[in-house]
Amino acid sequence: MKRCRKCGERAVIYMRQHRLALCKDHYLEWFMEQTARTIRKYRMFTKHDRVLVAVSGGKDSLALWDVLWRLGYHADGLYIGLGIDGGIAYSDRSREVVEAFAQERGLRLIVEDVPTLYGESIPDMAKRTHRGRGKPCSVCGLVKRHIMNRVARDHGYTVLATGHNLDDEAAVLFANVMTWQVGYLARQDPVLPARDGLVKKVKPFFRFYERETAAYALLRGIPYIYDECPFAQGAKSIYFKEVLNRLEEERPGTKLQFFLGFLKAKKQGAFAAVQEQVEGELHACEVCGQPTTAPGKCAFCRLVTPLSSPTLTPTPSP
Amino acid sequence: MKDKARGTATLILRDQTFTVPAGITVREAIRHAGLVPESVLPTRDGELIPEDERLRDGDVIQLVAVISGGRA
């Protein structure tokens, strides 16, 4: 039986990549310390920043909000209602979980409901525009990125934090390496600085395995939406996570080495040639004022304008 | 024969149920069920349990899937 390295009590979790066994109390303590260390080491934000945490109702984002709150950061939440039902009232249940979480802790939650604001749900937007080959995931990502940045700017937040964990990051990296999407590789980073109207984006959990964020939520007793998004079934990202977990099973530490090695190579200039192209000039969208790579309307306004232009509120130019 | 003498335990993952021999560790049982231990967290009565714990006859272990792909 493994014993907690700190107190010698019976361990509830063993992290093979760190050769570290911990009991419940010391695991929760370790998890918070590691988050604080990552935030400092990668200069994500300080206690003076106003942080907006994007919360979906899943384990990662709620665990992140919980940890930031306990660490004493000024962290408010943003929930985006996507109008996804999937036979399980997915979005409605997610919202209820997030609202209960915020209420229990007395935290400020901003809710943006896509069907209310733009006249249709994410799946309907995808259907109307024939985007995503029957899956609304690309439309969903585009809409969420737009809303997150708009809300952060409108409400004066200096940092936008998401609950992406190491498995998320390693799976994206793996997918982009498999297809050699060099532009995407150059763009992937746990810290994206603010620029030209884009709010700084950070991922304080990027060094945690998904298993660890789930363990934190479980041990802390945080209720979260356990069901997958109905559209996530068969998603490539899940497949790549499973492949990486099989590698991890045989060689503990593989996922961590893979992603940290990538960050090191990037820092040493491995993608410097494409970095400049990726970080090219941004323009203000002629409708909403948010930054976009090409002059004219941004991709979001091209997506939603036909039905819902009256609800778009222009924001100041970057 | 050995398995029969020791009995069996049950692993549950979402709507799937796996019967595994008692006497082996939780980690071995997860692998025995054809699952990857890295992808699940074993719990009993809602409490996280260590993977090196040996299963007893009649044990029911709920596995919490940790992989998520969609974000509401």
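At what angle do helix 2 and helix 9 of chain A pack, and how far apart are their axes? Start there.

**Before you select**

This is a predicted model: local features need pLDDT of at least 70, side-chain atom pairs count only at pLDDT 80 or more, and totals for chains, interfaces and linings use all residues. Residues are numbered from 1 along each chain as its sequence is written, while chains are lettered from A and ligands numbered from 1 in the order in which they are written.

**Stop 1: two packed helices**

Select residues 59-71 and 210-220 of chain A. These are helix 2 and helix 9, packed at about 65 degrees with their axes 9 Å apart. Helices here are DSSP runs (H or I, at least four residues), strands are runs of E (at least two), and both are numbered from the N terminus. Axes are lines fitted to C-alpha atoms, for helices over the stretch in contact; angles run from 0 to 180 degrees between N-to-C directions.

The crossing of helix 2 past helix 9 in chain A is left-handed, meaning that the near helix is turned anticlockwise from the far one by less than a right angle (clockwise would be right-handed). Now show the contact residues. Helix 2 of chain A supplies A:K59, A:D60, A:L62, A:A63 and A:D66, and helix 9 of chain A supplies A:T213, A:A214, A:Y216, A:A217 and A:R220. Contact requires C-beta atoms, placed from the backbone, within 7 Å. Ala, Val, Leu, Ile, Met, Phe, Trp, Tyr, Cys and Pro count as nonpolar, Asp, Glu, Lys and Arg as charged, and the others, Gly among them, as polar.

**Stop 2: helix 10 of chain A**

Move to residues 236-250 of chain A. Helix 10 has 15 residues and reaches 22 Å from its first C-alpha to its last, close to the expected 21 Å. The expected span is 1.5 Å times one less than the number of residues. Color A:K241, A:L244, A:N245 and A:E248, the buried residues of this helix. Look down the axis of helix 10 of chain A: they fall within an arc of 105 degrees, so they line one face. The arc is that of the directions from the helix axis to the C-beta atoms. Their cover includes helix 7 (166-178) and helix 11 (254-267) of chain A.

Buried means 20 or more other C-beta atoms within 10 Å of the residue's own, exposed means 12 or fewer, and partly exposed is in between; C-beta atoms are placed from the backbone.

**Stop 3: A:G83**

Find A:G83 in the loop between strand 4 (74-81) and helix 3 (90-105) of chain A. With 19 other C-beta atoms within 10 Å, A:G83 is partly exposed. Its C-alpha is 6.1 Å from that of A:P115, 32 residues apart along the chain.

**Stop 4: two positive phi values**

Select A:R19, between strand 1 (13-15) and strand 2 (20-22) of chain A. Its phi is positive, near 50 degrees. In chain B, go to B:D45, in the loop between strand 3 (40-44) and strand 4 (47-48). B:D45 also has a positive phi, about 50 degrees, and is not a glycine. Most residues other than glycine have a negative phi.

**Stop 5: chain B and its contact**

Of its 72 residues, 33% are buried. Bring chain A back: the contact takes 18 residues from chain B and 35 from chain A. The chain B side has 10 nonpolar, 4 polar and 4 charged residues.

Notes: Two residues are in contact if their C-beta atoms, placed from the backbone, lie within 7 Å.
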